[in-house]
Amino acid sequence: MCRLFNVTGDVQGVFFRATTQTVAERLGVNGHAVNLLDGSVEVRACGDDAAIEELSRWLHEGPRMASVAGVAESDTSCSSPGTFLTG
């Protein structure tokens, strides 16, 4: 399963990408987390259904310093680097 998430709110400059990487790696999820110019964070996540669902729940909360306003998600192709990257 692969999902594309767009996380909005106060999610840049608050360790959102790095913490997402830690959570994703713990869950065995591959993909990436990148800052977008509009201030949101894009997360592509590829893994088993249960892991993606757990990551989705976590993205709605984010790390302690973040303030998540919303999370949009959609299905996406399963092209993944075999690891979880931040950029």
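View 1. A33 has V43 in β3 as its bridge partner. Strands β2 (residues 30–35) and β3 (residues 41–46) pair in the antiparallel sense over six bridges. Two strands count as paired if DSSP finds at least two bridges between them. Helices (H or I, at least four residues) and strands (E, at least two) are DSSP runs, numbered from the N terminus. Five residues sit between the strands of this hairpin, and G39 takes a positive phi near 95°. The model is predicted: local features need pLDDT of at least 70, side-chain atom pairs count only at pLDDT 80 or more, and totals for chains, interfaces and linings use all residues. Residues are numbered from 1 along each chain as its sequence is written, and side-chain values use heavy atoms, with hydrogens and water left out.

**View 2. The open sheet and β5.** Five strands form an open sheet with mixed pairing, in the order β4-β1-β3-β2-β5. Its edge strands, β4 (67–75) and β5, each pair on one side only. β2 and β5 (residues 84–86) run parallel, joined by three bridges. In β5, L85 is the bridge partner of H32.

**View 3. T20 in helix α1.** T20 belongs to helix α1 (residues 16–27). Is T20 buried or exposed? T20 is buried, at a relative accessible area of 0%. Buried means under 20% relative accessible area, exposed over 50%, and partly exposed in between (1.4 Å probe, protein chains only). Its side chain reaches the backbone oxygen of F16 at 2.7 Å. Leaving aside neighbours within four places in sequence, T20 is in contact (heavy atoms within 4.5 Å) with A33, V43, L55, W58, L59 and F84.

**View 4. A salt-bridge network at R3.** R3, E73 and D75 are linked in a network of salt bridges. A salt bridge is a side-chain nitrogen of Lys or Arg within 4 Å of a carboxyl oxygen of Asp or Glu. E73 and R3 meet at 2.9 Å, N to O. This pair links distant parts of the chain, with E73 in strand β4 and R3 in strand β1, 70 residues apart. R3 and D75 meet at 2.4 Å, N to O. R3 is buried, at 13%. E73 is partly exposed, at 33%, and D75 is exposed, at 59%.

**View 5. A salt bridge between two helices.** E54 forms a salt bridge with R26, with their closest N and O atoms 3.6 Å apart. E54 lies in helix α2 (residues 49–59) and R26 in helix α1, so the pair ties together parts that are 28 residues apart in sequence. R26 is exposed, at 56%.

Methods:
Polar contact = N/O pair within 3.5 Å; in protein donor to acceptor, adjacent residues only side chain to side chain.
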